[in-house]
Amino acid sequence: MRKQIAAANWKMNLTLQQGEELLDNILSKISSVEEGRQAVFAVPAPYLVMAQQKVAGKQNIFVAAQNCYSKKSGAYTGEISVEMLQSLGVTFVVLGHSERREYFNESNQLLADKINIALEYNITPIFCCGEPLAIREAGTQNDFVAQQLEESLYHLSAEQLQKIVIAYEPIWAIGTGKTASSAQAEEMHAFIRLQLQDKYGIDVAESITILYGGSVKAANAKELFGQPDVDGGLVGGASLIADEFVAIINALK
Ligand code: PEP
C-alpha cells in the first residue's frame with residue numbers, strides 16, 4: 001500500500017516556546033508511528049533544529065522545511081539551501097504551496113528547479129497543486145491542475161517521480177473552513193493519478209502518495225482519508241492544536 005502521511009504545516013505561526021510546547025504535547029501522545037504511515041512537521045525555518053532534535057530516533061516521524069531555494073549555495077541573502085536542510089537531517093520540503101505561489105510569485109518552472117535540487121539532495125518534495133475558486137467555478141480545475149503537474153513534474157524520470165509526494169490543495173478550501181467534500185477530493189485525486197498513469201504507467205501512478213489539503217480537521221479526516229485515492233493530508237490550522245493533529249494522525253488508513 002502507498003505510504004499514508006499526515007503532514008502539519010505550521011506556516012508563519014508560533015514562537016519557539018509555543019512550537020516546542022506543541023511538539024512536546026503531540027509527541028507525548030504519539031511517540032512513534034506505525035510502518036506504512038508517517039507524521040511530518042513542516043515548521044518555520046528557525047525551528048528546524050529544535051524539531052529535528054525532538055523527533056530524532058522516533059519511528060516514522062519527520063521534519064519538513066516549508067520552502068527551499070533553487071540554487072545550491074551563494075549570494076542569495078535570506079534563502080535556505082537544500083544542502084543546509086540535509087545537514088540538519090531534514091528529509092522533506094513543502095514546495096509550491098499556494099501561499100508561496102501567490103505572495104512570492106513562485107511559478108511552475110521555478111518549482112521544477114526546486115524539485116530537481118531537493119531530489120539531488122535526497123529531500124522529499126511535498127509538491128502542492130490546486131486551483132483557485134474562479135477556476136473551480138468555471139469547471140476547469142482538471143486542466144489547471146494538469147498544467148501544474150506537467151510544468152513542474154513531467155521532466156522527471158519515473159524513478160525520480162516516485163520520490164515525490166503530491167498534495168492537492170484547492171485554494172478555496174485553504175484556511176477558509178470550507179473543505180472539499182470527500183467526493184470532490186477523491187475525484188481530483190483519481191484524476192491526478194490517471195494523469196500520472198498516462199505519463200508514467202500504472203505501477204508508478206499507484207505508488208505515489210497524494211495528500212489532500214484544505215481545512216482538514218479531526219472531524220473530517222477519517223472520511224477524507226477513507227477515499228481510495230486520498231493518502232492522508234497536509235494540514236494547516238488544525239495542526240496547531242495538539243489533540244486535533246493527534247486525531248488526524250490516528251485517522252490515517
Ligand atoms: C495548508 O496550509 O496547506 C492548509 C491546507 O491549511 P488549512 O488546513 O488551514 O486549510
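This is a predicted model: local features need pLDDT of at least 70, side-chain atom pairs count only at pLDDT 80 or more; totals for chains, interfaces and linings use all residues.
Trainee: In what order do the eight strands close into a barrel?
Mentor: Strands here are DSSP runs of E with at least two residues, helices are runs of H or I with at least four, and both are numbered from the N terminus. Two strands pair if DSSP finds at least two bridges between them. The pairing in this barrel is parallel, and the order is S1-S2-S3-S4-S5-S6-S7-S8.

Trainee: By what angle are neighbouring strands of this sheet turned against each other on average?
Mentor: Axes are lines fitted to C-alpha atoms, for helices over the stretch in contact, and angles run from 0 to 180 degrees between N-to-C directions. For the strands of this sheet the direction is ignored, and the average is 25°.

Trainee: Which residue of S5 is the bridge partner of Phe-92?
Mentor: Strand S4 (residues 92-95) pairs with S5 in the parallel sense, over four bridges. In S5, the partner of Phe-92 is Thr-124.

Trainee: How many residues of strand S5 are buried?
Mentor: Buried means under 20% relative accessible area, exposed means over 50%, and partly exposed is in between (1.4 Å probe, protein chains only). One side of S5 has Thr-124, Ile-126 and Cys-128, the other has Pro-125, Phe-127 and Cys-129, and all are buried. For S5 (residues 124-129), then, the count is six of six.

Trainee: Which strands does H9 touch?
Mentor: Contact means heavy atoms within 4.5 Å. H9 packs on the sheet, and its direction makes about 150° with that of S7; the strands touched are S5, S6 and S7.

Trainee: Is Pro-170 buried or exposed?
Mentor: Pro-170 sits in the loop between strand S6 (165-168) and helix H9 (182-200). Leaving aside neighbours within four places in sequence, Pro-170 is in contact with Gly-130, Glu-131, Ala-180, Tyr-212 and Gly-213. With a relative accessible area of 0%, Pro-170 is buried.

Trainee: Is Asn-122 buried or exposed?
Mentor: Most residues other than glycine have a negative phi. Asn-122, in the loop between helix H5 (108-120) and S5, has a positive phi of about 60°. Its relative accessible area is 58%, so Asn-122 is exposed.

Trainee: What about Ser-215, buried or exposed?
Mentor: Ser-215 is in the loop between S7 and helix H11 (218-225). Phi of Ser-215 is positive too, near 55°. Because its relative accessibility is 14%, Ser-215 counts as buried.

Trainee: Which helix gives the most to the lining of the largest pocket?
Mentor: On a 1 Å grid over the protein atoms alone, a pocket is an open set of points where a 1.4 Å probe fits, with protein on both sides within 12 Å along at least five of seven lines; lining residues have an atom within 4 Å of a point. Of the 22 lining residues, the closest to the centre include Met-12 and Arg-100. Three lining residues come from the top contributor, helix H4 (residues 98-103).

Key: Residues are numbered from 1 along each chain as its sequence is written. Side-chain values use heavy atoms; hydrogens and water are left out.
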